[in-house]
Amino acid sequence: MSGIVSGVYGLHEGHDVAIHVTEAILDKDGTVQKRTFMHTAFLLSVSADSPARQKMAMWPPVAAYLACGWCLFEGFKREDDGTTHFGGYAEAAEQIFLEPGLCKVGDAKLQLSDNMQHQRAKLVEDAKASAQKSGCMGYSEFPRILSYVSYSDVWELPIYHAGLYGIVKGFMAFLLSDYSGSNCPEHVIPKKLRSLMRERGKMLRLTAEFGRPYKCIVDSFKSYQLVDWLHFLETFSLFVLRHDFLGSVMQELWDKLRSALLHYFRIVVVDDDLLAPGSTFNNDVRHQAQGNLLRYASLVEQHLPESLLTYNLHILVCRLYKQEEARGCTATCGELWVERGDDVTGTQLIGKGTKLKHGALTDAVQHVTQYLHRMGQRHWTEMMSGVAQQPLEICSYTMAHRRGDELWWSVAHRRARTRVPFYAKLRFITRHGSETLYIAEIQHFLRAVNGAADVLRLAVCKLYPARYGLPNMRSTEDIMTAKFQHQDAHVQTVLAVDVSELDTKLVTAKEGNKLYGIVYKNTSGMA
């Protein structure tokens, strides 16, 4: 380890292993100039799983009483199996080694500053303090050799492993605990409701690019991989783990946990003004995420078995807010490699398209005319009515690109129906400013071009008026509910909208006469 760190030190300090780079620069007059400079390397962070981090940081193993390297809060041993767990969320817990008395997680006198980290490491290394009672095994090579490295901030939490494997998996395992007979334990989902969960899972229809298919949470959660848990947390749980399955306590637990983890899992495009009220990364949003995670931990301590008071829960409560403060959005340095596409504006319809004629052209002209009238685009309106002598061509397409590489499909593309990639969220705004929420079923795309090369790119959609949330539950913008009209019902509203008006693609489920649309993020690997 010291060899690796010394190598980084050498790059930084310009020792023999430094990298010298020569580059050629073309001047304005066409002459080539060369310059040589030293490539300077800095260690920004160390990303590792918890056992590896503990070794590199010279902190005790994760099963130790003082396993948290960022604070001095002490865990406790369970009498039944001897494993170490961490309380102190709802009620203060007894502390023995350094600060005798009762303390809660986050108590200021238990927090370790950078100077305190160095001091205790030096005392243990010089045999002036006990490693067991100090929560430190000696000096880490990283802050010892690299003076610019922060002892606390250089270590990145493995947020996906700690959050999904360390917390979500345990919570769901408790909800789906085995039991015999008809007496279902408190807070555990009864077997008859698990059958309904299985049926609801079969109703889910994913978009074409979503990734892994849904695996039944009831029957297969023990074989879930990291991405499976990520999909379930963000998307599938909204429909499968419905409000009617959980009591008020467990519903609050799940809502707080899901909200907190998604804040830390989702990549945020940081605004210039971080404190602006509308910023997705301002202090109010960050405090809310921290509060939700602490509330989850407090409810676990009050209502659920001690086995769920894990080391992973402790380090997330103790450290996530401060890591975010020190390093910014936690998802950008997480251990899960995700798609980080830029939100590039613009739309490109794919393929050559089909030039419309006869009845199809008449229908298309009607859609385009309605759109233009709605948006008040006078020069196009005149052209469509024949006032302007401009040639007009309308083509139909089955696919479109939006925001760079984001691919949108339509019903006309006729892909296998195991995937249903043509539903979208649409917040329809008229030119007068009124807004209505819809689940839009994209029928096909239109491209209209006049002689001046002015182009319209439209999506022709069936519209299902929708509202946020599910029946009998609080409103949430992550899921939408609409009434679904079957083919033998009255004709559904069909409207053409600009492709840029389509908000986001939806995972869908149909149950009875209800159509549910579940929002997911294209930048998270959950999509």
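Mentor: Buried means under 20% relative accessible area, exposed means over 50%, and partly exposed lies in between. Keep those cut-offs at hand. One more point before we start: this is a predicted model.

Trainee: Let me try them. Is arginine 78 buried or exposed?

Mentor: Arginine 78 has 15% relative accessibility, so it counts as buried. Now take aspartate 81. Its relative accessible area is 42%, so it is partly exposed.

Trainee: What does aspartate 81 form with arginine 78?

Mentor: A salt bridge needs a side-chain nitrogen of Lys or Arg within 4 Å of a carboxyl oxygen of Asp or Glu. Here the closest N and O atoms of aspartate 81 and arginine 78 are 3.4 Å apart, and the two residues form a salt bridge. A network of salt bridges links Arg78, Asp80 and Asp81.

Trainee: How many salt bridges does a search of the whole structure find?

Mentor: The search finds 18. One of them joins the side chains of arginine 327 and glutamate 156, at 3.6 Å from N to O. This pair links distant parts of the chain, 171 residues apart. Arginine 327 sits in helix α12 (residues 311–327), and glutamate 156 in strand β8 (residues 155–156).

Trainee: Where do I look for a salt bridge between two strands?

Mentor: Look at aspartate 503 and arginine 427. Their closest N and O atoms are 2.6 Å apart in a salt bridge. Aspartate 503 is partly exposed at 22%, and arginine 427 is partly exposed at 37%.

Trainee: In which sense do β15 and β20 pair?

Mentor: Two strands pair if at least two bridges are found between them. β15 and β20 (residues 502–511) have three bridges and pair in the antiparallel sense. Lysine 425 stands opposite threonine 504 in β20. Strand β15 (residues 423–429) is mostly covered, with five of its seven residues buried.

Trainee: Which strand do six bridges join to β20?

Mentor: That strand is β21, and the two run antiparallel. Alanine 509 has tyrosine 516 in β21 as its bridge partner. The hairpin of β20 and β21 has two residues between the strands, and glycine 512 takes a positive phi near 65° in it.

Trainee: Which residue stands opposite threonine 481?

Mentor: Tyrosine 516 in β21 again. Strand β18 (residues 479–483) pairs with β21 in the antiparallel sense, over five bridges.

Trainee: Why is β21 described as largely enclosed?

Mentor: Count its buried residues. Five of the six residues of β21 (residues 514–519) are buried, so the strand is largely enclosed by the rest of the structure.

Trainee: Let us end on a helix. Where is serine 237 placed?

Mentor: Serine 237 is in helix α9 (residues 226–240). Its relative accessibility is 2%, so serine 237 counts as buried.

Trainee: What does the side chain of serine 237 reach?

Mentor: It reaches the backbone oxygen of leucine 233, at 3.1 Å. Leaving out residues up to four places away in sequence, serine 237 touches Phe232, Arg242, Trp254 and Arg258.

Technical notes
Residues numbered from 1 in each chain as written. Predicted model: local features only at pLDDT ≥ 70, side-chain atom pairs only at ≥ 80, totals over all residues. Heavy atoms only, no water. Helix = DSSP H or I, 4+ residues; strand = E, 2+ residues; numbered from the N terminus. Buried < 20%, exposed > 50% of the residue type's maximum accessible area, 1.4 Å probe, protein only. Polar contact = N/O pair within 3.5 Å; in protein donor to acceptor, adjacent residues only side chain to side chain. Contact = heavy atoms within 4.5 Å.
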